[in-house]
Each structure stands twice: as structure tokens, then as C-alpha cells.
Amino acid sequence: MTQRPTFNGNRGLAGRLALSRLATRVSMMVERGWPLLLPLVIVASLFLSASWLGIFTRLPDMARIGLVAAFAIAALAALYPLRFFRIPGAAEIDRRIEAANQLLHSPVLVQTDRPSGRESSFSQALWREHQKRMAGRLDSLGADLPRTRVPERDAWGLRAVAALLLVTAFAFSFGPTGGRISDGFKAHGAHDAVPPRIDAWVTPPAYTGKPPIFLTADANQATPTFTIPEGSDVSLRVTGGSGEETLAYADKSGNSRAIDPAGPQAAATAKPAASPATPSKIRQFTGKLTGDGTLTLTSGEDQLGRWAFAVIADKPPQIRFVGEPKRAANGAFELNYQIDDDYGAANAKAVFALADPQAPNAHSLFGPPEMPLSLPRRGGKSNAARTSKDLTEHVWAGSSIKVTLVATDDAGHTASSETKTLLMPERPFANPLARAVIEQRRLLALDANTKPRVLDLMDAITLRPEDTFDNMSHYLAIMSARSRLKMADSDDQLRNEVSYLWEIALGIEEGNLSAAEKRLRQAQQALQDAIKNGASDAEIEKAMKELREAMNQFLQEFAERAKQNPNAPQMQQNGQELRQSDIDRMMDQIENLAKSGDRDKAQELLSQLQDMMNNLQAGRQQQGGQQDSEMRQQMDKLGDILRRQQEMMNDTFRMDQMQRGERQRGQNRDEQLGQDEQQGQSGENGKPNEGGQPKPMTPQEFADALKQLQQGQGQLKSDLEQLKKGLEGMGMQPNEGFGEAGKSMGNAEQALGEGEGDAAVGHQGRALEALRRGAKDMMKQMQAMQGDQGGSEKGGRQQNADRDPLGRPRASQGPDFGDSVKVPDEIDVQRARQILEAIRKRLGNALSPDIERSYLERLLELK
């Protein structure tokens, strides 16, 4: 039997032995404890896996409680083997060290043991020698690794399944359907219920131009009632609900109608990988709101949402004539009208009917003419519009007709104007033979039964051709028409004959110019249709090319006819020359506006071009009487006075600036001379004319210049007094602007005499402004007097007599104040082009929502 005395040997050996014993002790404890603790670890990992996989949230409360209890019992049972755990002793540790290091004769135990029996000096010395020899074997000690022998107990490796399940469940817990560790200890009633996502919006009809209204937006939560246009569509989507939601709309009287969900999306699963026990469904509802009411979304007995609507009824449009229908300069039929609608009319047209009754058995070959009306710009300041169309080729031209304007909006509402009775404008034919052909054409077109009579009339015309026809080609054309009419036996052939007679009449009347004019009108109409229908840039460029060619052909033939006939209309009206560059620039503006998307201005400018050509084709020579000539002379005098007053004000301003500059330079020279005297250099640096400076005016020269300005201002005042007397002699009443101008001129003359240039400039500016006011009033009086004298002129429009074919004020009608130019500026064209490019770029983005794309497409239509 041995004891364990304290070891008193080498301190290094003691330290190494202590560390080896500690490591061996830990290894032996793990070796003995891990097999006993492993069942508890496996039970805990299975519980965590079940929690993270969300199993507890999917089980009823009783099953959840039972499963938790089963895990608790299993955990208690796994604790039972721990009772067999014991801590290793010191001798066991030493023997484990010796066995691990393969040491013989127990060198570790020798270091702590002592010999038995009686001790003597010899035995002690011998024992110490034996310890030293054994300690020499302990130079390198190592601890042994634990050997749990778990694989011997779990030959199938089922513990790895628990570990793999734990790692998978931990990763799954971060997903939307993952669970928590606490789910096993919470009842289902205590869970936070996730409400379904509700998205609801109202889309107004496209023609209203109103944006969609999102009912569930945070900004609209406090809105008690939503105001929407009639015919709006409501859309509602429920995501993550129970799939049993219903939507109903109740009107003001309490009548409720259900809005059925969309079939394909009613039971759509949001995520196919989700568990079948918890499907995430999307229910989509779509309906139309036609009256005031309340929209209610319910799920079982629960109300999920409620919205009240006030529906604005779509008012029918209103259309009326603005003035009387009139005949344009070239015979085109012109209508001025006004269309009022809450969202703008969709289309409008003029409906024609014959005012005179027809024969009971009359068989007309043609129906009434068609004349679609241009619509005013939506959102514009004015709802007035104008449409002109050449109807002189229609067979009703020259007949008494009834005209009614009809407008229709996008909601289908139709409105009509009052009915006007008038004589449809016709093309005047000066040639008697052409008039006879047109009369035969009208008889045949209005009643096909008059064919025998028309043949008789043709026979009468061609009976003595040598006395009737100056050009035998006309005779051959009429004989050809007679042969064709005689063989015609269907309505289509008779209609072709009517068209042929029109071409014959035009050829007799004007020759080749009629074909050029027809081509020009067709090109103008084609371009107008292209702009109205939103054609592409290539189509607009093609239409503009045809218009330019037709315009050049027309102007060439117009010029040739003017050379042949000195009395023919000229490309000049009242001294204002119409140049080819003006027409080209105008057509370039039309093309740029149409391509940039500003179609309204393009159509307006095209209408001005048509009016210009109407005036040119009509060939009206504004030949006023003696009084009209005197008026123009007085206007020329007024323009000259305005120009001279402006020049005099500029001269006075320059003189005043020169005087101020001389005073300033004199002060600077005095200061410089003073400094030079102090430095003793006054005799060398005092040369005022060095450096290229202009020679200043002497006081005498300045006084003479002011005297000349004073005399010129007095002469202007005298000329203004003579102009006032001349206007009074013509029956006009000069307004107070001329009186204020004369008074300011007198003050300016007095200020110039006193040498006060600054005050004189102020008086001259006031005189100039007063002259302009007086000029405007005088022009209005002249236009009124000219309108009274020439307002009944056939085919004329006297309200535009003061403008050239391009719509500009005439140079002979007084000064131009610059406030009536209708051609758009370049900045307007550039701005419109930038907006169009931005819309197209946004529309080309594939990620844009469908609602935004639809809105942008409506912007490009620009109805």
C-alpha cells in the first residue's frame, strides 16, 4: 500500500506532469459524459428543427401541446443515463497517461509513491535514485484523446440525420413561412393575424384625360367621398386573403349589385412552392361605376374596406354657329362654330339637306356632301373653331340647302345646332359654254330620269359647232361625253359621266390651271388628314413633298396665265408682295410642327395657307376709292411721324450721354491735374486727346446740336397738328392719344431749349407711346369705314382686307405693332419637339406600368 506525498522533484517536470494530468482528466470526462449526454442533444435538435420548420404553427392546439409534451418526456428520459457518470480518480489518470505514452514500470506513479516499511538512509537514497531514473523517461509527456465509442453504439449513423435536419431547419427559418422557437409554447389565438393586402384604384375613361385614383393610397385614406367621371372602371385586388372575399356596389337608393371576381385570377396561387395548407390567393375584381354609391369589400362577416363615390355625369356637347356660313374667296364653304363639352367632343360634322323639294319620282345619283368639322383644342382657352371645304364640285353647288351642325362626344352623346338655310357656294363660270355644261351636269346628277333631256341639250349645243365653239377640242370633248352618256345604262356609269362633264367644264373655263388647282387642293387635304390622324414622320414628309410639288406647279401656271392676260390676278395685293420664300418658309413651319407633335398649331398654320391661296385664287383687287387712297396717305404720314419721333428720341439720348460723359471726364482731368501738380509732372501727362479718344464737343457745338433737335421736335409737333386736321376732314375723330402726344412734344421742345436732355428724353418717350395709342385707334376707325363701304362685296371677307395672304399687316395700312403674327416662334417648335421626344423615350421603356403606357399613348394621340 502506497501513499501520495507531495512531489518535491524538478519544478519543470512537475509542471509538465500537471498539464498532462489536466488534459487527460478533461479527455476522460468527455469520453465518459458525451455518450450519456448525446440522447439529450438529439432530442433538443429535433425540437429546434420542428420549431424552425413551422410545424407547431400548422398544428391544432391539442396536437401542438401533445408534441411539446412528447419532447419534454423524451428530454427527461435522456437525462437518466447521466446518473452513471463518475469523475476519474488520480490513479486512473496516471495510469491513462502511462498507457497513452507507453511508459513501462509506472514512472508517473513512482514520482508520487514512497517505499513501504521502515525507512533508512540507504533505502531513501536508493528510492531517490530510482525516482531520478524514472523521471528521465518523463521528458515528453502527452495527453490521450477521448474515445467515446459512439459509432459502436450507433452503427447506422442516425445521429447525422438529426444534425442535417437541424442545419436545414435553421436556414428555412429565415423564409416567409419559417417558424420560431417560441411557436411551440404559443396558442394559435395569440398569433398576430397578418391582414390581406388590398389594392384598389379607379380608372377614368381615356377621353377624360384624368389620371387614375388609387383608393388605398395613404394620401387618400382620409377622403370621405371620391369624385370620379361617369363610366369609370374600378379595379380591386386582394392578396393573401382567405379566397372568399366579395365585392358589392350599392347605389343611393340602396340597390346593391355584386361585382364578380375575374375567373382566371380568382384562385391563383402567389407562390407555387408554398405549402398546400396555406395558399396565398389573389382575387381580382373589375366593374364599372355608373352612378353615386358605395363600394364594399367583405370577407365572411368582416368588412375589409368601404369607399364612397360621387359620379359626375357626362354632359352632352353643345354646338352652335358663330356668325353665318360664308363663301371663301375661292368659293370654298366656310363654317365658324363653337363646340362646348366637359371633356371635348369626339367628332363633329355638317349635315346637308336640299331646301327645295324634289320631284316625286326623282332618282338622284349623289347623296348630300360630307363635311367633317375640325375640333377645338382640348384644354384650350377658346372652344371656337373653323372649317372650310371646297364643295363647288358637288352637284348640289348653287342649290338652296339646309345646314345643321352635329357634334358627338366620346360617351356617345349627340347634339345638333340650329338649321341654317342658304345657297351652297358654286364655282362661277364666265364662259357660256362651260355654264351650259355645268347646267347639264346638275340636271343629270339630281335626277337620272332627265337623261333624254340632257342628250337633247347636248345636241342643241353641238348643232352648229362653227358658231358655238372657238376651240374644236371642246366640241370633241362634248361629243365624247354625249356618246358615253347615251351608252350609260347603270348608276355607276352615269356618275362617271357627271365627273367627266365637270372636267370638261373646267377645261373650257380655265384650261390647265384647273388641274393644277385640283392637285393643290388634294395635296392640302391629304396633309390635313395626315396631321389629324397622327401619321408618322415618313407619311407627313411624303404629304409635304406632294404639297410642295403641287404648289410649285400651281404658281408656275398662275404666273404663265398672268403673263398672257394682263388683267389676271397678280401675286401682289395692296403693295404687299407675295414671294415664293414666304410660302416655302410657311410650309417648312407646318412640317416641323407636325413632326414635333404640335398638331394643333400645324393645322392652324395649314388653314392660314389655305386662306392665303383662297385669296390668291379669287384675285380680288382691293381698289378703294379716292377716300381709301387718302386714308392710306394719312397712315403713311403717321408712320413717318412715329419713325422720326423714335429717331429724335435716340439722338437726344445720345447727346445727353455725351454731355454727362464730358462732365465726368472734366472732373477726372481736374483731379489728375491736381495730383500732377503735387508731383511736379503737370507739364507732361496732361494731354486729353491721347490714346485715341474722340475729340469732345465744344459748348458752342453742343448748343447748336440741341437747337437742331429743338427745331426738329417743333416741326414734328406741327406735322402732327396737320395730320389731325386731315383726319378730321375725312370724318374721323382723333382720340386723346394725339392730344397727349402733341403736349409731350411741346414739353420736349421746351426741355431741349433749356438744355435738359434727360427731361427731353422722358417727354419724347411719352409722346411716342401716345402716338402708338392714337395710331391703333385710327386704324380701327379706318377698318370700320372700309368695312361699311365694302362689306357687301361678293366673295370677299373685308375683316381681313388689312392683311396680306400670309396674315401679316399690310405695309400700306399703317405701322405694324408686332402683336398679330400668328406663325409660331422657333422656341415653341423646339419645346414641342423636346416634349414629344421625352414621351416617346418613356413609352419605349419596357418596365413602364401598363397604366402609364396607356396614358402616354393617349398623349401621343392628342385628340
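Start with the four strands that form an open sheet in the order 15-14-17-18, with antiparallel pairing. Strands here are DSSP runs of E with at least two residues, helices are runs of H or I with at least four residues, and both are numbered from the N terminus. Two strands pair if DSSP finds at least two bridges between them. The model is predicted: local features need pLDDT of at least 70 and side-chain atom pairs count only at pLDDT 80 or more, while totals for chains, interfaces and linings use all residues. Residues are numbered from 1 along each chain as its sequence is written, and side-chain values use heavy atoms, with hydrogens and water left out.

Next select strand 14 and strand 17 (residues 400-409), which pair in the antiparallel sense over nine bridges. To find one of their paired positions, pick A345: its bridge partner in strand 17 is D409.

Select D341, in the loop between strand 13 (333-340) and strand 14 (345-354). Leaving aside neighbours within four places in sequence, D341 is in contact (heavy atoms within 4.5 Å) with K315, P316, P317 and D409. D341 has a relative accessible area of 19%, so this residue counts as buried (under 20%; exposed is over 50% and partly exposed in between, with a 1.4 Å probe and protein chains only).

Which backbone nitrogens lie 3.2 Å and 3.1 Å from a polar atom of the D341 side chain? The one at 3.2 Å belongs to Y343, and the one at 3.1 Å belongs to G344. The cut-off for a polar contact is a pair of N or O atoms within 3.5 Å; within protein, one must be able to donate a hydrogen and the other to accept it, and residues adjacent in sequence count only if both atoms are side-chain atoms.

Stay with these two strands and show F333 and F352. They form a tilted aromatic pair, 5.9 Å centre to centre with 55° between the planes. F333 lies in strand 13 and F352 in strand 14, so the pair ties together parts that are 19 residues apart in sequence. Both F333 and F352 are buried. Rings of Phe, Tyr and Trp (its six-membered ring) pair if their centres lie within 6.5 Å; planes under 30 degrees apart count as stacked, over 60 as edge-to-face and the rest as tilted.

W52 sits in helix 1 (residues 11-52) and F170 in helix 8 (residues 158-172), so the pair links distant parts of the chain, 118 residues apart. W52 is buried at 14% relative accessible area, whereas F170 is partly exposed at 43%.

Also in helix 1 is S49, buried with a relative accessible area of 1%. Its side chain reaches the backbone nitrogen of L166 at 3.4 Å. Apart from neighbours within four places in sequence, S49 is in contact with L165, L166 and A169.

Move along helix 1 to L37, which is partly exposed at 33%.

Then display F47, F56, F71 and F185, which ring pairs link into a cluster.

Five strands form another open sheet, in the order 3-10-9-5-6, with mixed pairing. Strand 3 (225-229) and strand 6 (256-259) stand at the edges, each with a single partner strand, so one side of each is left without a neighbour in the sheet.

Select strand 5 (residues 245-251) and strand 9 (residues 293-299): seven bridges join them, and they run antiparallel. Here A250 stands opposite T294 in strand 9. On the strand 6 side, four bridges join strand 5 to strand 6, also antiparallel, and A248 has A258 in strand 6 as its bridge partner.

Finish at the hairpin of strand 5 and strand 6. Four residues stand between the strands, and G254 takes a positive phi near 95°.
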